[in-house]
Amino acid sequence: MASDTARPPWRGPFLLTLPALAVLLLAMAVPLAVIVLRSFTDPEPGIGNYVWFFDTKVNLTVLARTFKISFWVTLCCVVVAYPYAFAMSVAGPRLRLLLILCVLVPFWVSGVVRTLAWVILLQDSGVINKGLVWLGFDKVKLIRTQLGVTIGMTQVLLPFMIMPLYAVMRGIDLRLLQAARSLGAHPVKTFFQIYLPLSLPGVFAGATIVFILALGFYITPLLLGGPQSTMLSTLIQQQVLSLLNWGRGGAMGVVLLLATFGFLAAASPFMRQKYRISGGSR
Amino acid sequence: MKLHLPRLLLGLTCLLIAIWLVAPTLVVVPMSFAGKKSLAFPPSGFSLQWYENFFTNPQWFGSLVVSAKVALMVAVAATVIGTMAAIGIERMQSRAGGLIRAVLITPMIVPGVVLAVGIYAVYLDTQLVGTWTGYVLAHTLLAIPFVVIAVGANLAVFDARLEVAAASLGASRLATFFTITLPLILPGILSGALFAFVTSFDEVIVSLFITSPQLKTLPVQIFSSMTRDADPTVAAVGSLIFMATSLIIGLGLIFGTRRRGA
């Protein structure tokens with residue numbers, strides 16, 4: 001059947017993808033090549049910019065912080081998304097639609113406006129702090145802290161965790177759990193030995209996407225964060241726009257790019273498992 | 001009883017998560033009616049001045065017009081280019097198709113600021129900063145992955161034997177495409193176009209770098225307003241976008257269920 005559709009030679013379909021590849025070349029490949037080039041040539045040829053990057057304490061602190069915040073955001077997303085996606089996968093059609101709608105509503109307002117909402121909620125005289133005081137707790141400094149950035153980023157990235165998790169959980173045959181229970185397994189044991197391993201591909205897929213997106217986050221840390229929560233993207237923007245130092249900014253960009261794709265490459269064997277399982281269950 | 005407690009806990013947890021997901025979106029609505037120029041919540045007083053400001057201030061309304069035009073052009077360009085690519089990939093079985101698909105999706109993964117700095121560097125050299133071409137090209141790049149994914153998902157369930165049948169009955173390749181393939185993958189194309197529009201309309205990082213005072217998109221205007229002062233006009237814009245999207249999705253749901261019912 002597949003060979004019937006392959007009537008046109010291989011070149012025909014390839015031609016169809018050419019315009020898209022041309023846009024990619026012009027608007028992505030060339031710009032990224034320019035960045036790499038400048039990181040090695042501006043202001044003078046050599047690896048000076050990279051030596052500077054790894055010799056400057058601030059840079060290493062920010063790099064470590066970028067990983068740390070991304071890690072916490074990913075962890076929070078997994079913990080929050082797991083029960084939610086599970087509920088989505090077992091709910092009736094109406095409740096499921098409602099739950100999906102709640103995931104999608106944040107996309108209905110512009111991303112910048114959503115961050116504005118978090119600025120309003122997290123500020124020192126904001127709703128959260130007023131609520132804490134009303135409940136008899138002390139105020140917590142949220143805005144311009146890493147905690148605030150983590151809260152905001154987790155909410156923005158949560159849908160990217162819920163959706164892949166839900167996709168995998170929907171395919172899990174719940175009769176397996178019944179079978180385990182009927183054979184006398186304790187619910188907790190059933191969960192850890194049957195359900196959790198089957199849902200892991202979704203966790204890996206979602207966590208990878210969230211972590212990668214978090215590494216490159218720019219707007220949320222910039223608006224919710226302060227000097228103590230600067231992430232790598234902000235540093236790159238400062239080097240290029242404020243200091244006009246293309247070489248150093250470029251080197252930072254290459255580091256961020258390598259971190260992103262390095263992590264993706266390291267995680268891809270775990271993600272591939274997802275296709276094996278979903279392919280097998282079909 | 002033993003079964004009900006976990007279910008209750010799960011329900012409560014999900015309710016809290018749902019509130020946490022939705023609440024920040026809804027906070028902007030009351031803010032937009034604030035009486036004073038402040039972003040304190042809950043707002044004091046009531047006025048429509050921020051909506052008035054949005055529609056009468058050329059800074060605000062002009063940027064909305066720019067964003068809408070750019071997003072429309074991007075939706076058309078990305079949908080045509082992305083649909084072609086998705087069809088090409090589907091027909092190239094084997095590894096080549098998968099490889100090209102992976103390459104076409106990379107703009108979603110490349111960190112925004114790195115891409116923005118690179119595009120800014122190239123645009124400075126080619127005088128594309130603050131131009132229509134500049135915006136449309138950069139946003140089309142970012143929108144293509146969404147179209148490729150949406151149309152690709154539709155093509156995966158499309159029965160290619162229909163094309164063979166049409167061809168065997170003497171239809172030309174073009175006629176087959178427009179009468180058989182296109183109507184069947186139209187849902188994928190339409191959702192791809194919608195994603196492309198939204199991607200461009202919402203894009204802020206690259207736009208912040210390639211913007212100019214003469215040609216500014218709405219997210220850039222929102223961002224600069226937010227970093228400058230506490231202007232509730234931002235909340236008015238957010239509420240308007242929220243209402244517009246709700247209307248479109250609501251109509252889509254009604255239309256969709258009615259069609260399914262018929």
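Modeller: Happy to. Two residues are taken to be in contact if their C-beta atoms, placed from the backbone, lie within 7 Å. On that basis, in this predicted model, 65 residues of chain A are in contact with 65 residues of chain B. On the side of chain A that touches chain B, the most is given by helix H2 (residues 11-41), with 16 residues. By kind, the residues on that side of chain A divide into 50 nonpolar, 13 polar and two charged.

Leaving aside neighbours within four places in sequence, A:Ile236 is in contact with A:Gly249, A:Met252, A:Gly253 and A:Leu256 in its own chain, and with B:Val113, B:Val114 and B:Val117 across in chain B. Take A:Gly253 from that list: A:Ile236 and A:Gly253 are 17 residues apart in sequence, yet their C-alpha atoms are 6.6 Å apart in space. A:Ile236 counts as buried because it has 26 C-beta neighbours inside 10 Å, where 20 or more are needed.

Now for the partner chain. Chain B has eleven helices and zero strands, and its C-alpha trace spans about 70 × 70 × 35 Å along the principal axes. Of the 262 residues in chain B, 44% are buried. Among contacts in chain B with a separation of 6 or more, 74% are between residues 24 or more positions apart.

The buried residues of H4(B) are B:Ile100, B:Arg101 and B:Leu104. Seen down the axis of H4(B), these buried residues fall within an arc of 100°, so they line one face of the helix. On the other side of H4(B), B:Arg95, B:Gly98, B:Leu99 and B:Ala102 are exposed.

Finally, a word on confidence. Chain A has a mean pLDDT of 87, with 92% of its residues at 70 or more. Over residues 1-9 of chain A the pLDDT is below 50, and this stretch has nine contacts in the model beyond near neighbours in sequence. The pLDDT is also below 50 over residues 274-282 of chain A, a stretch with six contacts beyond near neighbours in sequence.

Methods. Residues are numbered from 1 along each chain as its sequence is written. Chains are lettered from A and ligands numbered from 1 in the order in which they are written. This is a predicted model: local features need pLDDT of at least 70, side-chain atom pairs count only at pLDDT 80 or more; totals for chains, interfaces and linings use all residues. Helices (H or I, at least four residues) and strands (E, at least two) are DSSP runs, numbered from the N terminus. Ala, Val, Leu, Ile, Met, Phe, Trp, Tyr, Cys and Pro count as nonpolar, Asp, Glu, Lys and Arg as charged, and the others, Gly among them, as polar. pLDDT is the predictor's confidence in each residue, from 0 to 100. A residue is buried if 20 or more other C-beta atoms lie within 10 Å of its own, exposed if 12 or fewer, and partly exposed in between; C-beta atoms are placed from the backbone. The arc is that of the directions from the helix axis to the C-beta atoms.
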